[in-house]
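The following note sets out points for a colleague who is examining this structure. Please read the numbered points alongside the sequence and the model.

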Amino acid sequence: MNKMLLSAALITLVIGTAIFYFLTQQPSEPLPTVTTVAEPTAQPPQEPAIRYPLTEPETPTEPTATAQTETPPALPGIEAGDAVMHNLLDLLADDQKLLKLFLFDHFVQRLVVTIDNLPRKELAGRQLPLKSPAGSFLTQGELGSEIISPYNARRYAPYLDLAEKLDTKQLVSIYIRHYPLFQKAYADLGYPSGYFNDRLIEVIDHLLATPDIQPPIPLERPGVLYHFADAELENRSAGQKMLLRSGPENARKIKEKLSALRAELMAHSQRP
């Protein structure tokens, strides 16, 4: 397989958000792939001025024999970015178990759509960039007074391993170098004047604001899926509810990684 550095860039944002995609209470069968990614159902708001502009990517310092005569190759398009996802070996070549978590087709679009929708009420399963965790959502207690089982947190161990394995500084560096891929996917989503890095920081801040709730967390089951019995928790965003379902210790680790990602992103921002 052709080892292209761009492959690593496409998982940059997994640190900030993708962990949450696996925390749904949906059935555990693998998610179906899609040939296209739907746009958000709500009309996008008017976009503000750029708040967190990124610094320009560093120019490679390693000269080549033809550097002065050849024009640098154009940045691959979104479709090329999806194909490159098959070459995640730059960062994960030594861990096939983690590679198997990804859904490679239309990965960039899946990732950008999911990040954009984490602060919303709904998160479409068909748009997720990673597979759901093994097993079913675990509860305990009598019917009508069930709570989230403490054993449910174990289902998310591979995704926490993924977050810990990926170096934050390296990921942000790659993200900046290949930022046009993410920006194009965001514009295609319906935000032609929006700036994706602004949305990423906004979503990270939203997830960091998730309350720290200690177990037990009561549940109710009005239909097929479980809901939080506490209406205030149930009315929270899809991203915050997923964090809550992961368990307090997992949520703490995820927030630590999110904070580190945000700090590194801000270190590369030109914000006054």
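How closely do the axes of α8 and α9 approach, and at what angle do they cross? The points below begin with this question; the model is a predicted one.

1. Packing of α8 and α9. The two axes come within 9 Å, and their crossing angle is roughly 85°. On the α8 side the contact is made by Tyr179, Phe182, Gln183 and Tyr186, and on the α9 side by Phe196, Asn197 and Arg199. Sorted by class, the residues of this contact are 4 nonpolar, 2 polar and 1 charged.

2. Aromatic pairs. Across the whole structure, a search returns 5 aromatic pairs. One of them joins tyrosine 179 to tyrosine 195 in a tilted arrangement, with 5.3 Å between centres and 45° between the planes. Tyrosine 179 belongs to helix α8 (residues 179-188), whereas tyrosine 195 sits in the loop between α8 and α9 (196-208); the pair links distant parts of the chain, 16 residues apart. Tyrosine 179 counts as buried because its relative accessibility is 8%, under the 20% limit. Tyrosine 195 is buried as well, at a relative accessible area of 15%.

3. A stacked pair between the helices. Phenylalanine 182 and phenylalanine 196 form a stacked aromatic pair, with a centre-to-centre distance of 6.3 Å and 10° between the planes. Since phenylalanine 182 is in helix α8 and phenylalanine 196 in helix α9, the pair ties together parts that lie 14 residues apart in sequence. The relative accessible area of phenylalanine 182 is 0%, so this residue is buried. Phenylalanine 196 is likewise buried, with a value of 0%. Both residues belong to one aromatic cluster, made up of Phe182, Tyr186, Tyr191 and Phe196.

4. The buried side of α8 and its end. Which residues of α8 are buried? They are Tyr179, Leu181, Phe182, Gln183, Ala185 and Tyr186. Just after this helix, glycine 190 adopts a positive phi of about 125°.

5. Surroundings of tyrosine 195. Tyrosine 195 and tyrosine 52 are separated by 143 residues in sequence, yet their C-alpha atoms are 8.5 Å apart in space. With neighbours within four places in sequence set aside, the contacts of tyrosine 195 are Ile50, Tyr52, Pro53, Leu54, Tyr179, Gln183 and Tyr186.

6. Helix α11. How many residues of helix α11 (residues 238-245) are buried? The count is 8 of the 8, so the helix is largely enclosed by the rest of the structure. The buried residues are Ala238, Gly239, Gln240, Lys241, Met242, Leu243, Leu244 and Arg245. Their cover includes β2 (147-148), α9, β4 (227-228), α10 (231-234) and α12 (248-267). Glycine 247 follows α11 and has a positive phi, near 100°.

7. Threonine 168. Threonine 168 is located in helix α7 (residues 168-177). Its relative accessible area is 11%, and threonine 168 is therefore buried. Apart from neighbours within four places in sequence, threonine 168 is in contact with Lys257, Ala260, Leu261 and Glu264.

8. A peptide bond to inspect. Most peptide bonds are trans. The bond joining proline 215 and proline 216, however, is cis, with omega about 5°. Proline 216 lies in the loop between α9 and β3 (219-220).

9. The chain as a whole. The secondary structure comprises 12 helices and 4 strands. Of the 272 residues, 47% count as buried. Among contacts in the chain with a separation of 6 or more, 80% involve residues 24 or more positions apart. The accessible surface comes to about 13900 Å², and carbon and sulfur atoms account for 54% of that surface.

Definitions and conventions
Residues are numbered from 1 along each chain as its sequence is written. This is a predicted model: local features need pLDDT of at least 70, side-chain atom pairs count only at pLDDT 80 or more; totals for chains, interfaces and linings use all residues. Side-chain values use heavy atoms; hydrogens and water are left out. Rings of Phe, Tyr and Trp (its six-membered ring) pair if their centres lie within 6.5 Å; planes under 30 degrees apart count as stacked, over 60 as edge-to-face and the rest as tilted. Helices (H or I, at least four residues) and strands (E, at least two) are DSSP runs, numbered from the N terminus. Buried means under 20% relative accessible area, exposed over 50%, partly exposed in between (1.4 Å probe, protein chains only). Axes are lines fitted to C-alpha atoms, for helices over the stretch in contact, and angles run from 0 to 180 degrees between N-to-C directions. Contact means heavy atoms within 4.5 Å. Ala, Val, Leu, Ile, Met, Phe, Trp, Tyr, Cys and Pro count as nonpolar, Asp, Glu, Lys and Arg as charged, and the others, Gly among them, as polar. Accessible areas come from the Shrake-Rupley method with a 1.4 Å probe; for residues, only the protein chains shown count as cover.
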